[in-house]
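Here is a short report on one chain. Read it alongside the sequence and the coordinates.

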Amino acid sequence: MADTVVEESDGQKLALRFACDDPALEAVSQWHACPGPGPVHHSLTIRNRSDQPVTIGEQPTFDLDLAGAAAMRS
């Protein structure tokens with residue numbers, strides 16, 4: 001992991017930046033939790049910093065287990 005940034009304005013924001021030299025790629029995973037019970041927003045940005053094309057195949061769906069989430073709102 002290259003670096004992590006935490007921001008506490010407008011809820012909580014977390015950015016995780018990953019970098020690779022060969023191939024020259026950078027991925028930034030950003031999470032934003034608004035004040036209160038939700039929602040949580042996630043975005044992923046991938047930057048190709050090389051002069052070669054990069055192909056990203058189909059990714060499995062994001063699997064999130066929310067068992068007990070209703071109890072957390074109480």
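Buried means under 20% relative accessible area, exposed means over 50%, and partly exposed lies in between. C34 has 30% relative accessibility, so this cysteine counts as partly exposed. C20 has 35% relative accessibility and therefore falls in the partly exposed class too.

This is a predicted model. A disulfide requires a pair of cysteine sulfur atoms within 2.5 Å. By that rule, the model has zero disulfides.

## Overall layout

What elements does the chain have? It has one helix and four strands. Along the sequence they follow the pattern β-β-β-β-α.

The chain has 74 residues, and 11% of them count as buried. Its accessible surface comes to about 6200 Å². Carbon and sulfur atoms account for 54% of that surface. Take the contacts between residues at least 6 apart in sequence: 11% of these join residues at least 24 apart.

Strands of a sheet pair through backbone hydrogen bonds, in a parallel or an antiparallel sense.

## Strands 1 and 2

Strand 1 covers residues 3-7, and strand 2 covers residues 12-20. Five bridges pair the two strands in the antiparallel sense.

The hairpin of strand 1 and strand 2 has four residues between the strands.

## Strands 2 and 3

How many bridges join strand 2 to strand 3? The count is nine, and the two strands run antiparallel. Strand 3 spans residues 25-33. A hairpin of four residues connects strand 2 to strand 3.

Q12 has A33 in strand 3 as its bridge partner. L14 stands opposite W31, also in strand 3.

Definitions and conventions: Residues numbered from 1 in each chain as written. Predicted model: local features only at pLDDT ≥ 70, side-chain atom pairs only at ≥ 80, totals over all residues. Heavy atoms only, no water. Buried < 20%, exposed > 50% of the residue type's maximum accessible area, 1.4 Å probe, protein only. Pairing = 2+ DSSP bridges. Contact = heavy atoms within 4.5 Å. Areas by Shrake-Rupley, 256 points an atom, 1.4 Å probe, with all protein chains shown as cover.
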